[in-house]
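Thanks for coming, everyone. Have the sequence and the model up while I talk, and we'll walk through a few spots together.

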Amino acid sequence: MKIKAVTAIAAVLLSTSVFADEDAELVVNGEIEMVTKTAAPAHLSDALDEVLSGWRFRSDETQLMQMDDFDNPGMVAVDAAAEAWDAVEGSEGKSCASCHGDVADSMVGVRAVYPKWNDAAEEVRTLAMQINDCRENKMGAEKYGYTSGDMAAMEALISVQSRGMPVNVAIDGPVQATWEAGKDLYYTRTGQLDLSCASCHEQNYGNMIRADHLSQGQINGFPVYRLKNAKLNTAHARFKGCVRDTRAETFKPGSAEFIALELYVASRGNGLSVEAPSVRN
């Protein structure tokens, strides 16, 4: 009875629609134009006509914070990561810059295509996995924690170099099996509340649940600075929180399940601009 009651309450809360401003446009620093609304990629044609950045679902105040790097609290972490990029660490006496040079040149376009297939490792890799591979096998340094502040900051630094570029994640070829697994996870109902990712982010986006305005759950803005916990959050940390909220057993960040889910969810945002670090509630 308790589970039914909770589900019924959730349904009532989801019944009120408060749609985003359809005319809202995101331009960062007065010069970086972001695509926050575009036609859905072909693989979503049976589910959505258009895809919308989470930015469109935020309050005016939160939107404004992302429009100026001086107001965006996530940029503090980017500055810290820029120092880490040049810092020598590990047994090999190398920094990120030792191999990659200036981050502003070498990382342009990188964030837009991750997760992606790695031929040498014969696996789908997230950006976090690639960062740790470089640290461990090129620098001889300790890996970052998968959802740690250091990892979120380095992901944000790399992402900044691609801001405004369209997400273009591959879903065919060697990544297809992983993509299909991620799609299955996205639509599978779990937990005591019997909810899937799609229950909120495809079937009820634009509605209110408690005090939150449900978005499409796009991850083109990750890592995200959340005002709720006052720090940068990675995609896998958010996945873990969402699964927890369905009252289900969650997967571990960096697990095969979350890697597959990240690939699928990233592909749902193909065509939207890379925004990270974005600002959300």
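Let's start with Val279: buried or exposed? Val279 is buried, with a relative accessible area of 0%; buried here means under 20% relative accessible area, exposed over 50%, and partly exposed in between, using a 1.4 Å probe and protein chains only. You'll find Val279 in strand E11, residues 278-280. Helices (H or I, at least four residues) and strands (E, at least two) are DSSP runs, numbered from the N terminus.

Quick housekeeping: this is a predicted model, where local features need pLDDT of at least 70 and side-chain atom pairs count only at pLDDT 80 or more, while totals for chains, interfaces and linings use all residues. Residues are numbered from 1 along each chain as its sequence is written, and side-chain values use heavy atoms, leaving out hydrogens and water.

Back to Val279, then. Which residues does Val279 touch, leaving aside neighbours within four places in sequence? Those are Arg58, Thr62, Met65, Gln66, Asn72, Pro73, Tyr225 and Leu227, where contact means heavy atoms within 4.5 Å. Val279 and Asp68 are 211 residues apart in sequence, and their C-alpha atoms are 11 Å apart in space.

Next up, helix H7, residues 149-160. Look at Leu157, which lies in this helix and counts as buried at 4% relative accessibility. If we skip neighbours within four places in sequence, Leu157 is in contact with Val78, Ala81, Ala82, Trp85 and Val103.

Now the packing of H7 with helix H3, residues 75-86: the axes are 8 Å apart and the angle is about 95 degrees. Axes are lines fitted to C-alpha atoms, for helices over the stretch in contact, and angles run from 0 to 180 degrees between N-to-C directions. H3 and H7 are therefore roughly perpendicular to each other. On that scale, angles under 35 degrees are roughly parallel, over 145 roughly antiparallel, 65 to 115 roughly perpendicular, and the rest oblique. From H3 we have Met75, Ala77, Val78, Ala81, Ala82, Ala84 and Trp85, meeting Ala153, Met154, Ala156, Leu157, Ile158 and Val160 in H7. What classes are these residues? The contact of H3 with H7 has 13 nonpolar, no polar and no charged residues. For the classes, Ala, Val, Leu, Ile, Met, Phe, Trp, Tyr, Cys and Pro count as nonpolar, Asp, Glu, Lys and Arg as charged, and the others, Gly among them, as polar.

H7 also packs with helix H6, residues 127-139: their axes come within 10 Å and cross at roughly 105 degrees. So this pair, too, is roughly perpendicular. On the H6 side there are Leu127, Ala128, Ile131 and Asn132, and on the H7 side Met151, Met154, Glu155 and Ile158. That contact has 6 nonpolar residues, 1 polar and 1 charged.

His236, Phe239, Lys240 and Val243 of H10 touch Phe258, Ile259, Leu261, Glu262 and Val265 of H11. By class, we get 6 nonpolar, 1 polar and 2 charged.

Now for the rings. How many aromatic pairs does a search of the whole structure find? The search finds 7. Rings of Phe, Tyr and Trp (its six-membered ring) pair if their centres lie within 6.5 Å; planes under 30 degrees apart count as stacked, over 60 as edge-to-face, and the rest as tilted. One of the pairs is Phe251 with Phe258, edge-to-face, 5.7 Å centre to centre with 80 degrees between the planes. Phe258 is buried at 1% relative accessible area, whereas Phe251 is partly exposed at 29%. There's also one aromatic cluster made of Trp179, Tyr186, Tyr187 and Tyr264.

Last stop, some backbone details. The peptide bond from Tyr114 to Pro115 is cis, omega near 0 degrees, and Pro115 is in the loop between helix H5 (103-106) and strand E5 (116-118). Phe222 to Pro223 is also a cis peptide bond, with Pro223 in the loop between strand E8 (212-213) and strand E9 (224-226). Finally, Glu122 is not a glycine, yet has a positive phi of about 55 degrees. Glu122 sits in the loop between E5 and strand E6 (123-125) and counts as exposed at 62% relative accessibility.
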